[in-house]
Amino acid sequence: VVAYFAGEFSNSYTLARLKLVTRGRYLWLRTIGSTLVGEAVDTVLFVLIAFAGTLASPLLVAVIASNYAFKVGIEVLATPVTYRVVNYLKDLEQEDHYDWDTNFNPFTLGGS
């Protein structure tokens, strides 16, 4: 659970910040870039929490690397589908939100 939430938060934060930096362009860069960050956090934390002390260090590194490569590879393959879905939702909702003033502190409740 810790790894999942830390990875998702890292992914969401990176995605939102990259949208500001790119001024809404380069969706592929934003989705893949945020996945690179989020899955690194998720994968490293999960493997270390689950297997540290039970697997030899070279095997831990191999498990982290292979899982990370798989997860990022899936995101790269899904990018064309992501483009279609995002464009469909933007057209349907007539909205393209930017997180200019969003407070990303995960420890605040319901406010700014």
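1. Helix 1 consists of 20 residues and spans 28 Å from its first C-alpha to its last, close to the 28 Å expected at 1.5 Å a residue. The model is a predicted one, and the points below should be read with that in mind.

2. Several residues of helix 1 are buried: A3, G7, S10, N11, T14, A16, K19 and L20. Helix 2, residues 27-51, is included in what covers them. After helix 1 comes R23, which has a positive phi, near 55°.

3. K19 belongs to helix 1, which runs over residues 2-21. Is K19 buried or exposed? Its relative accessibility is 13%, and buried means under 20%, so K19 counts as buried.

4. Which residues does K19 touch, apart from its neighbours within four places in sequence? The contacts of K19 are G24, R30, D96, H97 and Y98. For a comparison of sequence and space, take K19 and W100: they are 81 residues apart in sequence, while their C-alpha atoms are 9.7 Å apart.

5. A separate matter is the surface. V81, V85, Y88, L89 and L92 make up a nonpolar patch there, and together they have about 480 Å² of accessible area. One of these residues, V81, is located in helix 3, residues 57-93.

Note on methods:
Residues are numbered from 1 along each chain as its sequence is written. This is a predicted model: local features need pLDDT of at least 70, side-chain atom pairs count only at pLDDT 80 or more; totals for chains, interfaces and linings use all residues. Side-chain values use heavy atoms; hydrogens and water are left out. Helices (H or I, at least four residues) and strands (E, at least two) are DSSP runs, numbered from the N terminus. Buried means under 20% relative accessible area, exposed over 50%, partly exposed in between (1.4 Å probe, protein chains only). Contact means heavy atoms within 4.5 Å. The expected span of a helix is 1.5 Å times one less than its number of residues. Patches are made of residues with over 30% relative accessible area and no salt bridge: like charges are joined within 9 Å, nonpolar side chains (Val, Leu, Ile, Met, Phe, Trp, Tyr) within 5 Å. Accessible areas come from the Shrake-Rupley method with a 1.4 Å probe; for residues, only the protein chains shown count as cover. A salt bridge is a side-chain nitrogen of Lys or Arg within 4 Å of a carboxyl oxygen of Asp or Glu.
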